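Hi,

Here is the structure I said I'd pass on.

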Amino acid sequence: MYDPSPADKFTFGLWTVGNVGRDPFGEPVRAALSPAEIVRLLAEVGAWGVNFHDNDLVPIDASADERERIIRDFRAALDATGLVVPMATTNLFTDPAFKDGAFTSNDARVRAYALQKTMRAIDLGVELGAKTYVFWGGREGVETDAAKSPSESIKRFREAINFLCDYARDQRYDLRFALEPKPNEPRGDLYFATVGAMLGFIGTLEHPEMVGVNPEMAHEQMAGLNFLHAVAQAWEAGKLFHIDLNDQVIGRFDQDLRFGSHNIKSAFFLVKYLEDVGYDGSRHFDAHAYRTEDAAGVKDFARGCMRTYLILKEKAQRFNADPEIQALLAELNAVDDSVAPHLGPYSAERAAALKAAHFDRQALGARGYGYERLDQLAVEIVLGVR
Ligand code: GCO
Ligand code: MN
Ligand code: MN
């Protein structure tokens, strides 16, 4: 029941299960795996797809021959396992050239190089089947606002995304862009810190219809925000093109924890939302195993992400089918005949009737909503006693 199947659309990045455990204080603790080995690992644990940055697959300084061989091996592993590549992205943060950002770097040569690198990476992603292209502005930010004007950076970023939209259209690629916000790390402050900021920005683009968001659970949590609310706003706007699932303790460094390992209740309501609204995109896990883990631990990590998702999905069904919970919700949302005519689209008559209506303000204030009971029932479902 909790075993993943392709219909669940679980994906991982090459950089997630391939993470070697380097951190700012320590060297790698695990051997690097080749892209083809990672594909086989993901197939073994039951994932549906694999995503990559251009340089996860092809090292930035690979020769043409190396590039060809790596892609051939990767493709062979995909064919042998049936794994798909639903998403691809560009690494615009590791190379020292990008230390001041890519599309927003103050150095015009870096901005031009970033566009070139991204066009090539888009070609590679599309060649391998990607339909979604993610933009995480890894270093699009500052440590000091003395360095650049934030509005100039917004304009530069817009110019880059507009350019790349036109490029994808010119190539007749069947591709949508998903912008991924993050508040900080690796820069002191990153531009477009939240999902809401990205959604506002998308409306200013030349082809807003081909651009949506890739919200990441940990990123909103780093900012102390409610991830579900951000996801819901994206969904409601028709902009939830992709999602990065993981976990994070608020106020800590970027932890990329196994999905559902810390904020179980948030994860529950998130899974319930995605399943209730019928989100049918990838469930992408952008996380990695603890640095304490060996190769077996990495598989435990990947299996855990998917298993927890499926457990929470089953809990969500339980919540939806629970007569007591549903009766409480129905009662809470009931609209009686006396108030129904007052609610609805504006009309002069409705406004006039509403202005003349009498409301018993004290009764409204005296009423209890019963949310303690409702929440306890939800918690008991998550805890497995209901
Ligand atoms: C992070 C980001 C990245 C992006 C990835 C795909 O915090 O490092 O979440 O993992 O998701 O670069 O664009
Ligand atoms: Mn992240
Ligand atoms: Mn991410």
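Predicted model: local features only at pLDDT ≥ 70, side-chain atom pairs only at ≥ 80, totals over all residues.

**Metal site**

Let's begin with the manganese ion that is ligand 2. Its protein donors come from Glu-216, which gives two OE entries, and from His-219, through NE2. These donors lie 2.1 to 2.8 Å from the ion.

His-219 sits in helix α8 (residues 217–222). Its side chain reaches the backbone oxygen of Pro-181 at 2.8 Å. Leaving out residues up to four places away in sequence, His-219 touches Trp-136, Glu-180, Pro-181, Lys-182 and Pro-183.

**Two domains**

The protein splits into domain 1 (6–321) and domain 2 (323–383). Nine residues from domain 1 and nine residues from domain 2 make up the contact. The C-alpha centres of the two domains are 40 Å apart.

Between them, domain 1 and domain 2 bury about 790 Å², with 72% of that on carbon and sulfur atoms. On the domain 1 side, Lys-265, Lys-315 and Phe-319 supply 58% of the area buried against domain 2, more than any other three residues.

What about polar links across this interface? The rule finds one salt bridge there, along with three residue pairs in polar contact. As for secondary structure, α10 (264–277) and α11 (295–321) each supply at least two residues of the domain 1 side that touches domain 2. Of that side, α11 gives the most, with five residues.

Lys-265 also has a salt bridge with Asp-375, where the closest N and O atoms are 3.0 Å apart.

**Salt bridges elsewhere**

How many salt bridges does the structure hold? The count is 21.

Arg-187 pairs with Asp-100, with the closest N and O atoms 3.5 Å apart. Arg-187 is in the loop between β6 (176–180) and β7 (189–190), while Asp-100 is in the loop between β3 (87–89) and α5 (108–127), so the pair ties together parts that are 87 residues apart in sequence. Arg-187 is buried, at 6% relative accessibility.

Arg-169 and Glu-209 meet at 3.8 Å, N to O. This pair links helix α6 (residues 150–170), which holds Arg-169, to the loop between α7 (195–202) and β8 (211–213), which holds Glu-209, 40 residues apart. Arg-169 is partly exposed, with a relative accessible area of 39%, and Glu-209 is partly exposed as well, at 48%.

Arg-373 and Glu-324 also meet in a salt bridge, at 3.0 Å, N to O. Arg-373 belongs to helix α15 (residues 371–383) and Glu-324 to helix α12 (residues 323–333), so parts 49 residues apart in sequence are tied together. Arg-373 is partly exposed at 46% relative accessibility, as is Glu-324, whose relative accessible area is 31%. Finally, Asp-8, Glu-275, Arg-283 and Lys-313 are joined into one network by salt bridges that share partners.

Cheers

Note on methods. Residues numbered from 1 in each chain as written. Chains lettered and ligands numbered in written order. Heavy atoms only, no water. Donors = N, O, S within 2.8 Å, 3.2 Å for Na, K, Ca; no water. Domains from an automatic or database assignment. Contact = heavy atoms within 4.5 Å. Buried area = accessible area lost by both parts, 1.4 Å probe. Salt bridge = Lys/Arg side-chain N within 4 Å of Asp/Glu carboxyl O. Polar contact = N/O pair within 3.5 Å; in protein donor to acceptor, adjacent residues only side chain to side chain. Helix = DSSP H or I, 4+ residues; strand = E, 2+ residues; numbered from the N terminus. Buried < 20%, exposed > 50% of the residue type's maximum accessible area, 1.4 Å probe, protein only.
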